[in-house]
Amino acid sequence: MKKKSNAQAGMSKFWMVIMMIILLPASYLTAQNVLVTFRVNMSEAYPTNGVYIGSDWAGWSLEKFQQLTDANNDSVFELTIYLQAGNSYNYRYTRSKTNWNNFESLAGTLCGFGPNHEDRNIIVPQSNTVLDIVCFDDCLDCGSHQSTDLNLSVDMTGLTVSPNGVHVTGSFNNWITDSLQLTDADNDKIYEISVSVLPKLDYEYKFLNGNTLEDAEVVFGTCEFRSNRRISLGEESLTVPVVKFGSCNESGSPISDIKIACIGNSITEGGAGNYMNSWPIQLRDMLGNGYYTENLGVAGTTMSKAGDSPWWNEPQYDYTFSLNPDIVLIKLGTNDSKASNWKPANFMTDYIELIQELRALPSNPTIYMVTPAKAYSSAWGINDNTIVSQVIPYIHLIAFENAVNVIDMYNATSMMSSNFPDGIHPNAEGAKVIAQKAKQNLINAKPMITQVDITSDSTENPLYHWYYNDTPIDGSNFRSINVSESGKYKVSVKMSNVSSDIYVSDPFDVVLPQGTATVGLTVDYDVVNKVNNTYGLQNILIYPNPASSTIKIENASNTDVTMFNDLGTIVLTQRKINGDQTINLPGLKNGVYFIRLTKENSSVTQRIVVLKD
């Protein structure tokens, strides 16, 4: 058969792309979707049964694997598809779509991604792109290995250097711990090495004061990710500035920002190769100067020590205590929902134990329990029904018994299945939603306790719970209570009976005045109001209160909303809302406002406080 000329092959590809654009639905032709061309050289791995690509975007389902073609018979197989710009995906090439035995594996190479470093990864650019040709089972094209130098230096001043020497290990040498030893030729305590590496790749590495992983440094700071140092290399050799062992800088100075430890599983770590777009890293950017977030997520882990992969057994457990964080976000429970893992008693006992251990830290951190995100798939045995009916209620129970804040991540991630490509792990946009929700709860004002005269509050409400010296007070489910002992009091407030958000106040010191046996305590947080049935507006829910940038109204039916300030001036109106509505509060100053709900000839008014950042 006569081969096509290069010009003919180019024109064929051009018209192929044009036909794809014509045939694709209009919904795909948006600024968010770009054309990506994948190219793999099969000259060293003859494709008997065709060449396919398995991927996150296809849910790793064999029947959805996409076939590549070799239009000009040059052994380079190609596929052009639309992907969403900014998303991070893992993928691999295979010589069959009927079984799993013909996949390439990047394990042991410098570009492997995923839990076992077997996958390729792409963060989709903002414009159409053609990827470099790669060889099947390799990072580069067949026979095209080039190298450059990565020059590393570490300052060991003040440390006793191991008799086994100072080493470096990383993705550039498959994490072998004793093969790359640094030297100090001038005895200035600065150890150096030049490592030959492939250009245009990202590398992770650690310095070792010795030659085993037990001798590895623990690093926190912006140079680090997942407890490793991380560097991006271009085409030229790179000399990294001298750093202190265990630090991101030359001086070794500790992190002075507010430190936030983000504990979790692959959804936190950055599943589907989404590490640099994980929600802890996005949260760091959202909070800005003065905050440092540490990603302590480990794929597949459980809260329960009896689970198949307890988070407790990972190095990140020790890293958390080394960090001595000011705030801790615990987002575990998704993998506990698996039938083989779900043991309620173990889950509750182990969760409480972790909370107690964290509270014993010198930093006395504020702790937030984060409910699991919604599971849109039963992949890996994860059970969304168990998450809703078992895991989240147990988190509520633990929170109320131990006065712990809760962030409702389940409702925050509902109705957004497109941002969970494999049904479990969020893409960059999904992780952004998680980060935004976490930020909202972190910056919202805490409930504030005020001492008042003896209260006659008799409206029992299970959304309130009071504590005396950190011990729950039985029968204290009221907005206001009377107390007869001096000491520290706290209150936890669940913002609605449909939301899992729980906020806990700071301790409030009560000192009974001379001759006074009892005083009253009340909290400023007014939880979701269930409007009286006599108004014809029953079961409408309004929250949060205080609010910052939005309020949510649930269960409305053809209802008008009017909001006015304490002078009676109308600041917002919205007509005929139905179902659940989120209403923005633009340009409102901090203060007291009133929301009037009107339906037909009935109305009811609720007081709400606005507290912006």
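Predicted model: local features only at pLDDT ≥ 70, side-chain atom pairs only at ≥ 80, totals over all residues.

Reader: Okay, and how do S5 and S6 pair, parallel or antiparallel?
Author: Antiparallel: strand S5, residues 88-94, joins S6 over 4 bridges.

Reader: What is the strand order in the sheet they belong to?
Author: The order is S3-S2-S5-S6, an open sheet of 4 strands with antiparallel pairing. On average, neighbouring strands here are turned by 35° against each other, direction ignored.

Reader: Nice. Switching topic: is Ser476 buried or exposed?
Author: Buried, because its relative accessibility is 2% and the cut-off for buried is under 20%. Ser476 sits in the loop between strand S24 (471-472) and strand S25 (480-483).

Reader: And what does Ser476 touch?
Author: Leaving out residues up to four places away in sequence, Ser476 touches Tyr464, His465, Trp466 and Ile481. A polar atom of the Ser476 side chain lies 3.1 Å from the backbone nitrogen of Trp466.

Reader: Last one, pockets! What lines the second largest pocket?
Author: That pocket has 26 lining residues, and Ala412, Lys437, Gln440, Tyr543 and Lys552 lie nearest its centre. Its volume is about 630 Å³.

Reader: Which helices and strands each supply at least two residues of that lining?
Author: Helix H7 (409-412), helix H8 (428-443), strand S31 (550-565) and strand S32 (570-584).

Methods
Residues numbered from 1 in each chain as written. Heavy atoms only, no water. Pairing = 2+ DSSP bridges. Axes fitted to C-alpha atoms, helices over the stretch in contact; angles between N-to-C directions. Buried < 20%, exposed > 50% of the residue type's maximum accessible area, 1.4 Å probe, protein only. Polar contact = N/O pair within 3.5 Å; in protein donor to acceptor, adjacent residues only side chain to side chain. Contact = heavy atoms within 4.5 Å. 1 Å grid on protein atoms, 1.4 Å probe; cavity = no way out; pocket = protein on both sides within 12 Å on 5 of 7 lines; lining within 4 Å. Points joined across faces, edges and corners; volume = space filled by probe spheres on them.
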